[in-house]
Amino acid sequence: MNIVLRELRAHLRSFLIWAGTMVFLIFAGLMKYSAFQKTGEAVNEIFDSLPAGLQAILGMDAEMDLTSIGVFYSIFFLYFLLLMSVHSTMLGASIIAKEERDKTADFLLVKPIRRSRAVTAKVIAALIMIFLFNQITFLVSAVMVGQYNLTGVSLTGPIFRLMAILSAVQILFLGIGLFLGAFARNAERASGIGTGIILGTFLLKILIEINQDFEGLTFLSPFSYFNAYEIMFDGAIPFGYVVLCIGTAICGIAGTYLVYRKRDLRS
Amino acid sequence: MSASNVIEIRNLTKYYGKKSRGILDVSFDVMEGEIFGFIGPNGAGKSTTIRTLLSLIYPTSGSATIFGKDCIRFGHEIRRHIGYLPSEVFYYDNMKVLDLLKYSASFYGKVDMKRIEELSTIMDLDLNRKIDDLSYGNKKKVGIVQGLLHNPKLIILDEPTSGLDPLMQQKFFDLVQLENRKGATILMSSHILPEVQKLCSRVAIIKEGRIMKIEDIRTLRNTAYKKIAVSAETDLQADFAKMAGVTNCQRIDQEVTFLFKGNVNDLVQVLGTRSLQNLTIEEPDLDEIFLHYYQADA
């Protein structure tokens with residue numbers, strides 16, 4: 001418990017920066033919506049004329065009615081995915097690797113605890129932080145979207161479903177980050193590899209969207225697992241991919257324990 | 001294990017990767033209640049040995065027991081009774097000294113504020129400062145206090161005095177001796193012979209990963225070499241080179257230096273018959289002593 005509290009306190013500042021960035025993203029995004037709302041149908045025509053690749057990068061597709069607040073908000077999903085995957089990976093990697101980077105491993109791991117207990121505490125602390133990050137995103141979204149929503153049909157339920165899906169992706173990337181932190185022996189290298197994975201899987205998503213031939217690789221890119229519009233408005237949740245996310249995360253976390261338990265710690 | 005050994009190290013070998021040597025076939029025991037010195041130049045393998053004992057790193061082969069238990073398998077149980085001061089102290093920077101000490105104490109059960117205050121008073125440590133504002137020496141003090149906080153039965157000190165001024169060193173030695181009198185066993189590494197001579201009852205000498213010698217400090221002192229330098233108008237090299245007990249006799253300009261082992265009266269007699277400009281007699285540094293061990297082995 002003492003390690004969990006210590007980790008939460010140590011990450012407070014960076015967490016606030018991440019949360020602030022998220023709030024700003026939602027705020028700024030919805031500001032754009034108010035302009036779209038006023039412009040009306042012309043907006044859809046502009047975005048329809050964009051090339052497919054660019055639409056994929058922006059996270060939209062041709063039939064979307066961007067003047068509807070719900071549809072507009074669903075585009076945020078891709079940005080949430082990016083922000084949260086980076087946050088989770090970095091958090092996972094640094095929470096393990098920083099003890100050696102800051103040379104505090106010689107403090108923490110000469111205490112009368114097993115290494116696995118230190119890892120467990122760090123996993124718990126990281127899970128708490130990604131959950132809070134998710135909930136802040138949810139609350140700010142629900143309140144802000146409510147302000148712009150003039151249809152009388154609440155969007156809180158659909159937003160909540162979206163957040164539930166996001167949490168599966170967060171856990172996935174946390175698992176990857178933790179494993180990298182334990183495996184790479186070096187905080188910089190761990191976050192380097194992590195960034196590479198995020199960038200690579202994101203580019204794969206774009207590739208899949210502009211070229212149908214790559215559809216068979218969908219399972220490799222967490223960014224193409226879920227369709228925000230379908231989750232929000234059709235209630236369609238692809239449980240297979242949720243299971244894949246959680247399963248990969250469990251493998252990553254199990255690997256973290258295995259690697260970290262048997263490893264020499266750098267002084 | 002023999003009832004009186006706190007640490008037993010058997011053929012401990014550690015390679016980093018395939019080629020990089022850490023320690024080779026290290027074996028020695030530390031008896032209950034003694035202050036054991038572990039001495040060798042930088043890079044000899046002192047920290048490697050100590051970090052293996054604490055299971056921060058894992059041995060390539062060989063084993064070690066502390067309190068009769070394997071130091072890897074029962075590491076977490078053993079460490080409850082170990083206080084450790086690393087050679088370089090690093091702590092969570094944005095913490096206050098007091099918070100760090102409380103955090104450290106929280107791993108051993110109840111936080112004993114009296115003990116924190118008592119130790120920091122002895123070491124003259126300001127509890128309210130932030131760790132990142134502390135000088136190297138002050139960080140070292142934090143390390144000392146947090147290492148002794150839980151009244152450990154075994155205290156492991158890796159180069160404890162580096163960064164401490166002489167006054168603090170003395171206070172620290174007093175503190176270590178006090179803990180020792182209260183029953184703690186102490187293993188202390190150093191590359192400075194006099195400080196080991198001052199505190200320890202026995203020493204192990206390590207060089208390039210191997211234990212060269214394990215010796216009672218009194219024996220070491222009796223076999224101790226003196227490093228002599230004399231300057232004179234005339235060339236004295238020939239006079240000393242042939243004397244019994246003289247080794248490494250060298251002459252640079254007017255100064256003749258050599259190591260002397262034996263009855264100092266013999267040396268003083270010879271010196272007394274010469275006209276000298278200058279004379280210094282000092283403790284040889286560790287490398288020079290090792291040089292001797294090497295020559296003895298060859």
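This is a predicted model: local features need pLDDT of at least 70, side-chain atom pairs count only at pLDDT 80 or more; totals for chains, interfaces and linings use all residues.
Residues are numbered from 1 along each chain as its sequence is written, and chains are lettered from A and ligands numbered from 1 in the order in which they are written.

In chain B, strand S4 (residues 61-66) and S5 pair in the antiparallel sense over 2 bridges; strands (E, at least two residues) and helices (H or I, at least four) are DSSP runs numbered from the N terminus, and pairing requires at least two DSSP bridges. These strands belong to an open, antiparallel sheet of 4 strands, ordered S2-S1-S4-S5. Its edges are S2 (20-31) and S5 (69-70), each pairing on one side only. Helix H1 of chain B packs on this sheet, touching S1 (5-16), S2 and S4, and its direction makes about 115° with that of S1(B). Such angles run from 0 to 180 degrees between N-to-C directions, with axes fitted to C-alpha atoms, for helices over the stretch in contact.

Turning to the interface, 21 residues of chain B are in contact with 19 residues of chain A, contact being C-beta atoms, placed from the backbone, within 7 Å. On the chain B side, H1 (46-53), H2 (75-78) and S6 (82-85) each supply at least two residues.

Within chain A, helices H4 (residues 69-101) and H6 (residues 115-148) pack at about 160°, with axes 11 Å apart. H4(A) is therefore roughly antiparallel to H6(A), a term for angles over 145 degrees.

Notes: Two residues are in contact if their C-beta atoms, placed from the backbone, lie within 7 Å. Angles under 35 degrees count as roughly parallel, over 145 as roughly antiparallel, 65 to 115 as roughly perpendicular and the rest as oblique.
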